[in-house]
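Reader: Could you walk me through a few features of this model, giving the general idea and then the case at hand?

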Amino acid sequence: MKILVVGGGGREHAIALSLEGSVHGPKISCLSDVTNPGINAVVKRSGGVYFNGDVNSPDCVSETARRCGADMVFVGPEEPNFHGVPDRMDKDGIGCIGARRNVAELEMSKASMRDLQWKYKIPGRLWYKKFKSYDEAVPYIEEFADSIAIKPARQAGGKGVKVIEDFQVYLQEDKRRVKREHAESIISEYMKGYEDVDYKILIEERVWGPEYTVHCFTDGKTVLPMPAVQDNKHAFEGDLGLETGGMGSISCGMNLRLGTDADEDQAILTQSEYQGSVDIVKSMIDSIQKETGDRYRGVVAGQMMLTPVWGPTVIEMYSRLGDPEAANVLSALKTDLVDICEAIMGGRLNTVKAEFDDQAVVVKAVCPEGYPNRRDLAAGHPISVDVANSPSGKSQDGILWASADCAAKGAGCGSVVTGGSRAVECVGRGKDIPEASRNAEALVGNVRLEDGWKLFHRSDIGSERSMERRIALARTAREIYQYRERKGLLGKRMLWIPGKGFVEVG
Amino acid sequence: MTGILGIYLFDKRWNARNFGVFGLMALQHRGQETAGLELFGEQRAKVAGKGLAEQVLAPNQGTSAGMEKGYVCLGGVSPYPQEEAEIQPIALSNAVSAAIDGKITAVKGYGWSRSATYEDNLRAAFGRSTTGCSIDEVKEFFWRCMGGFSYVAVNDRNEMVAGRGALGVKPLVLGKMGFEGGIVASESCVMDIIGERMPISPAENIDPGESRIFTPMSAHSERCTSCSNRAYCSFEYVYLARPDSFVNDIPVYRVRRNIGRKLAEEGPADADVVIGVPETAIPFAMAYSNETGIPVEKGFELTGRRIRSAMKPNQLERLKGVQLKLNVISEAVKGKRVVLIDDSVVRGNTLANIVYLMKEKGAKEIHVRIGSPHIISHCPFGVEVPPEDELIGKHLPEEKIAEVVGADSFRYLSIDGFLDAVMIKREDLCVGCFGGKYPEEELD
C-alpha cells in the first residue's frame with residue numbers, strides 16, 4: 001500500500017509515524033514546501049519519496065499522488081481542504097482522508113460555523129455578530145461590545161484573534177480604541193488576500209474556562225471520538241504573552257485526567273462533559289452535511305471551552321488534526337491507523353473501533369526566539385537533536401520535527417535549519433501528566449541551535465502546579481454552569497435594558 | 001517601602017498610561033507621599049511629584065506634554081522619604097529607570113560610599129558593573145544586589161525586567177492581560193483593578209531570586225543561581241499589604257483573621273464590645289468577635305480622605321491623621337467595656353490618643369490588644385521604624401504600656417501566635433523588627 005502524506009509539520013510527522021506503525025507496512029511518501037527531517041526519515045525507511053511542492057494546489061497534489069502511485073492521501077493541514085484538495089482526490093479516484101471544500105467550511109468560515117450552530121440550535125453556542133466591513137463593525141464596537149473576542153471571520157492560520165476584557169469602565173476608552181484599531185487591521189492585514197468569504201470580522205462574547213480539543217474520525221455516518229487534549233496558546237511560562245499556534249498539549253485518558261489512576265474529580269472534564277462535547281461535534285457534522293449535501297470524510301475537531309454559560313462550548317471547529325494535539329491522540333491510539341483510514345474511505349467506519357490507551361501524553365514545542373511575531377529572526381538557524389541523550393540512546397524517540405528543513409539551499413548536507421515557527425515537538429509519556437511533562441522536559445534539553453541563538457519552551461505545561469490550577473478553574477466553571485442547568489438557565493442570557501425593557505438572548 | 005508597578009504590552013497600539021495610574025492607585029496604601037510614572041513608547045516621558053497618585057498623575061485628564069503614549073510603563077508610590085530621597089521611579093543611568101521597593105544594602109563588587117546618597121550609590125554601582133544597558137545586564141546588576149528589595153526596571157530599548165532579591169523580603173507578583181501583555185506589581189490587588197479577571201488566581205507569585213524579562217520576543221522567567229535562605233517580611237501580613245492581596249501566595253485576609261483568633265485565645269477579656277482601629281485592624285476585630293462571641297461594633301467615623309496615619313512623616317501629621325480619621329462614635333462605647341484592637345504599636349502616642357478619646361466618650365474599660373508582637377528593632381529593608389530609643393515596646397513591659405496609654409489592660413500577640421497565624425515556616429520569615437534578628441546573606 002502506498003500513502004501520500006500532505007503537509008510537512010509536527011502534525012504530519014506524527015501522522016507519518018503512526019501510519020508507519022501499521023501492520024500493512026505502507027510505503028509513505030510526503031509532499032510539503034520544505035523537507036521535514038523527521039518525515040524524510042520515515043519516507044526513507046518505508047521506501048517512499050519526498051516531494052517539495054505547493055500543498056494547497058489540487059493540481060500539484062494530484063500530480064504528486066500519481067507520481068508516487070498513491071492508494072491513499074492523508075491531508076494534514078487545513079488550507080488544502082479549503083482549496084479543494086480532497087475534492088480533487090475524489091475526482092481522481094484516490095482515497096483521501098481530508099474534509100471536502102464544502103464541509104471544511106466548518107473551519108474556514110468562523111461566521112458560517114456560528115450561523116450553522118444557531119440555525120440547528122446546537123448547544124455550546126456563543127453569542128456573535130459578523131461584519132463585512134470595518135465601517136459596519138465600528139458603531140457596534142462603540143455602542144454595545146463589552147468583553148469580546150474580535151476575530152478574522154475566516155481561519156487565517158490561527159492568527160489575528162484578539163480577546164479584550166472590557167469590564168473596568170475606567171479603562172474603557174483605551175480598550176475601545178484598541179478594539180477599533182484591531183478591527184481595522186483584520187481587514188487590512190489578517191484578511192488580506194482571502195477573497196473566499198463574504199464576512200470579514202467576527203465578534204463573539206468573551207468567555208472563560210479551561211480549553212480543550214475533542215477530535216473525531218468520521219466517514220459522515222459514524223463518529224469515533226479521540227481523547228480530549230488541552231493545548232497551551234500563550235508563548236511564555238505561566239500563560240503569559242503572545243498567542244501562538246500552540247506551545248504544548250496535554251492529555252490523559254479520554255477526559256483529561258491528572259493520571260491514569262487519578263480519582264474522578266482529578267480531571268479537567270467529567271465523563272459527561274466529555275460525552276457532551278462529542279455530541280456537539282457530532283451535531284456539527286450532521287448539520288454541515290445536511291446544509292451542503294456533501295459527505296464529511298476525515299478528521300473533525302471541536303476546539304472547546306468549559307464555560308460558566310454553557311458547560312461544553314464551541315470556540316472554533318477544525319477540519320483536521322490540531323498541531324501539536326495530533327501527537328497526543330496518535331501516540332495514544334492503539335488501533336491501526338491504516339485500518340481506520342480504509343474504513344473511513346470505504347464508508348464503513350462502524351466496523352472498526354478506535355481504541356486509545358489511557359497513559360498521559362505531554363507535548364512541548366521548542367521554538368527559536370522570535371517566534372511567533374518575529375519569524376524572520378527565528379528562521380534560518382542550524383538545529384540538531386542530540387540522539388545519544390534520548391531515553392533509548394539510539395533513536396529520536398519522542399522527537400517530532402516541525403518547522404525545520406533538512407534540504408535548505410546553502411545548508412550543508414545532512415544539516416537542518418529552522419523555518420521560523422515551532423521547530424521541534426517533544427513528546428513525553430507517563431503514568432500521570434506531571435510525569436509525562438518531566439519526560440518531555442528531558443527531551444527538550446537535547447534540542448540545540450548550532451549558532452548560539454536562543455530556544456525557548458514552556459516548562460510549566462503539565463506541571464503539578466499548572467494542573468492544580470487547570471482543575472480548579474474547571475471546577476469553578478462547572479459549579480456555575482451546573483447551577484444554571486438546575487435553574488433551567490443553561491445558555492440563556494437575560495438583560496434588563498433601562499428604558500427598553502427585558503431582553504433574552506440564547 | 002514603596003508600591004512598584006511595571007506594565008509591558010506587546011502590541012504597540014496600546015497606551016499603558018491609564019493602566020499605570022489606576023495600578024498605582026491600587027498600590028496607594030504602600031505609600032501616600034509621592035507618586036511617579038514613566039512611559040516608554042516612541043518617546044519616553046515621566047510625571048512625578050508629591051501627593052497621591054490620583055493628584056499627581058490625573059487619569060483620563062487628556063494629555064500633559066510628552067505624556068501621550070507608551071506601551072511600557074513603570075511606576076511607584078512611596079511613603080515619606082528621607083529628605084534627600086528621589087521620587088520613584090529613579091534613573092539608574094541615562095538609559096535605565098527603575099522602581100525599587102525596600103532597600104538594597106550592598107552590591108557585590110562595589111564599595112558603598114557613606115558620603116554619597118543611596119541613589120548615587122546605586123548609580124555608581126550600576127555604572128561600575130554594566131558596559132551597556134542590555135536588559136540582561138540590568139538583570140545581572142540586580143542579581144548582584146543584596147538586601148531586601150523588589151524591582152522593576154526599563155531600559156532605552158523599552159525592554160523591562162522585574163524581580164525579587166534573593167531573600168524575598170519584599171513581595172512581587174505577575175499578572176496577565178490575555179495575549180496582550182504582562183503586569184508586575186508589589187501586590188496582587190493591582191491585577192483585580194487593571195488586569196484580566198481570573199477566577200482562580202489573580203496573579204502568580206514571583207519567587208525570591210526570580211526575574212522576568214520582557215522584550216518583543218520574550219517574557220521568560222530566569223533564576224539567580226546564588227539563592228540564599230528566604231526572609232519574607234512579616235510586616236506585610238500585619239500592616240503593609242492590602243487584605244484583598246495575596247502575598248507569597250498566602251491570602252493576607254486569611255492571616256489577619258487568624259491573628260484575630262489568636263488574640264482572642266491569648267488575650268481574652270471580659271468585655272461588652274470589640275472595636276478595631278480602622279482600617280487595618282478591622283479584620284482582627286471581626287475575627288476576635290467571631291471567636292469570643294463578643295459583638296463587634298463600628299467605633300469610629302472618618303473626616304476627609306482615607307489615609308494611613310502610621311506612615312505620616314512626623315508626629316504632628318500622624319496625630320492629625322489619627323484625630324481626623326478616628327472620631328469616636330459615642331453610642332458604640334458609652335458605658336461599655338471595650339476590647340480595642342490595633343495592628344501594631346510603635347511609639348504609643350497615637351494609641352494613647354485613641355484611648356483618651358474613647359474614655360472621653362464614656363467607655364468604661366478599655367482592653368487594648370495588638371495584632372503583632374512588640375516592635376523592638378529597626379528595619380534594614382526600608383520599612384520606616386523610628387530609632388530604638390523611641391520604641392515603647394523595647395523599653396516598657398505590657399503593664400506599664402497599659403498605664404502610659406491609659407488602658408485597663410494591654411497585650412501583644414506572641415511571636416509564636418504570629419507564626420501560627422501567618423502559616424509560613426519561621427526560618428522563611430524575617431521577624432527582625434519583633435526580635436532583633438535579621439536574615440543574613442553571604443557576600444562572596
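Reader: Is helix α11 (residues 325-332) of chain A enclosed or open, and why?

Author: Start with the rule: a residue is buried if 20 or more other C-beta atoms lie within 10 Å of its own, exposed if 12 or fewer, and partly exposed in between, with C-beta atoms placed from the backbone. Helices (H or I, at least four residues) and strands (E, at least two) are DSSP runs, numbered from the N terminus. Here eight of the eight residues of α11 of chain A are buried, so this helix is largely enclosed by the rest of the structure. The buried set includes A:Glu325, A:Asn328 and A:Ser331, along with A:Val329 and A:Leu330.

Reader: What should I keep in mind about the model and its numbering?

Author: This is a predicted model, where local features need pLDDT of at least 70 and side-chain atom pairs count only at pLDDT 80 or more, while totals for chains, interfaces and linings use all residues. Residues are numbered from 1 along each chain as its sequence is written, and chains are lettered from A and ligands numbered from 1 in the order in which they are written.

Reader: How compact is chain A?

Author: The radius of gyration is taken over C-alpha atoms, and the globule rule is 2.2 Å times the number of residues to the power 0.38. Chain A has 15 helices and 27 strands. Its radius of gyration is 22 Å, close to the 23 Å that the rule gives for 506 residues, so chain A is as compact as a globular protein of that length. The C-alpha trace of chain A spans about 75 × 50 × 45 Å along its principal axes, and 55% of the 506 residues are buried.

Reader: Which residues have the most contacts inside the largest nonpolar core?

Author: A nonpolar core is a set of buried Ala, Val, Leu, Ile, Met, Phe, Trp, Tyr and Cys residues joined through C-beta atoms within 7 Å. The largest has 273 residues, and A:Val73 and B:Val152 have the most contacts inside it. Apart from that core lies another, of 18 residues, with A:Ala153 and A:Ile201 among them. Two residues are in contact if their C-beta atoms, placed from the backbone, lie within 7 Å.

Reader: What does strand β19 of chain A pair with?

Author: Two strands pair if DSSP finds at least two bridges between them. Strand β19 (residues 379-385) pairs with β22 (residues 416-419) of chain A in the antiparallel sense over three bridges, and A:Ala379 has A:Gly419 as its bridge partner in β22(A). Three bridges also join β19(A) to β24 (residues 447-449) of chain A, again antiparallel; there A:Ser384 is partnered by A:Arg448.

Reader: How many residues do chains A and B bring into contact?

Author: 25 residues of chain B are in contact with 28 residues of chain A. On the chain B side, α1(B) gives the largest share, three residues.

Reader: And is B:Gly304 buried or exposed?

Author: B:Gly304 has 9 C-beta neighbours inside 10 Å, so it counts as exposed. B:Gly304 is found in the loop between β18 (300-301) and α9 (315-325) of chain B. Its C-alpha atom and that of B:Leu324, 20 residues apart along the chain, are separated by 7.2 Å.
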